[in-house]
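The report below goes through the fold, the overall dimensions, the nonpolar core and the surface in turn.

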Amino acid sequence: QVQLVESGGGLVQPGGSLRLSCAASGSIFNINTMTWYRQAPGKQRELVARITSGGSIDYTDSVKGRFTISRDNAKNTVYLQMNSLKPEDTAAYYCNAYFLHVSGTYRTSWGQGTQVTVSS
């Protein structure tokens, strides 16, 4: 079994900051890519930021310059530092990991999501 547990969501005023964390545990040999997605009500889930084991990073255009993704490989944890938050950042944020399972197969797993609400 593999679990991803997100934390750090909440209510913040426009212009504020939040830091999301996602810790992976279980039958993992190593994690290739960790990705943050978000889904706002009535909208499709979208990729926010992605980081590979080699350190390659991608962001969706709307968060460039405001969000920073990082990871701690020793802890199997990925972070999303979100600054200058806007109301349009309001969404449920989900963590995804693409990893090598101890069985020798590559698999993907999702967290349960954490809500971020940006409102005055």
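## Basis and secondary structure

Helices (H or I, at least four residues) and strands (E, at least two) are DSSP runs, numbered from the N terminus. On that basis the chain has zero helices and 11 strands, so that, read from the N terminus, its elements run β-β-β-β-β-β-β-β-β-β-β.

The model is predicted, with local features needing pLDDT of at least 70 and side-chain atom pairs counting only at pLDDT 80 or more, while totals for chains, interfaces and linings use all residues. Residues are numbered from 1 along each chain as its sequence is written, and side-chain values use heavy atoms, leaving out hydrogens and water.

## Dimensions and contacts

Taken along the principal axes, the C-alpha atoms fill a box of roughly 50 × 25 × 25 Å. Among contacts (heavy atoms within 4.5 Å) between residues at least 6 apart in sequence, 54% join residues at least 24 apart.

Of the 120 residues, 41% count as buried, meaning under 20% relative accessible area with a 1.4 Å probe and protein chains only. A nonpolar core is a set of buried Ala, Val, Leu, Ile, Met, Phe, Trp, Tyr and Cys residues joined through side-chain atoms within 4.5 Å. The largest such core holds 29 residues, of which W36, V48, F67, V78, L80, M82 and Y93 touch the most other members. Strands that each supply at least two residues include β4 (28-39), β8 (77-82) and β9 (91-101), and β9 gives the most, with five.

## Surface

The chain exposes about 6300 Å², of which carbon and sulfur atoms supply 46%, with areas taken from the Shrake-Rupley method and a 1.4 Å probe.

Definitions and conventions: Buried < 20%, exposed > 50% of the residue type's maximum accessible area, 1.4 Å probe, protein only.
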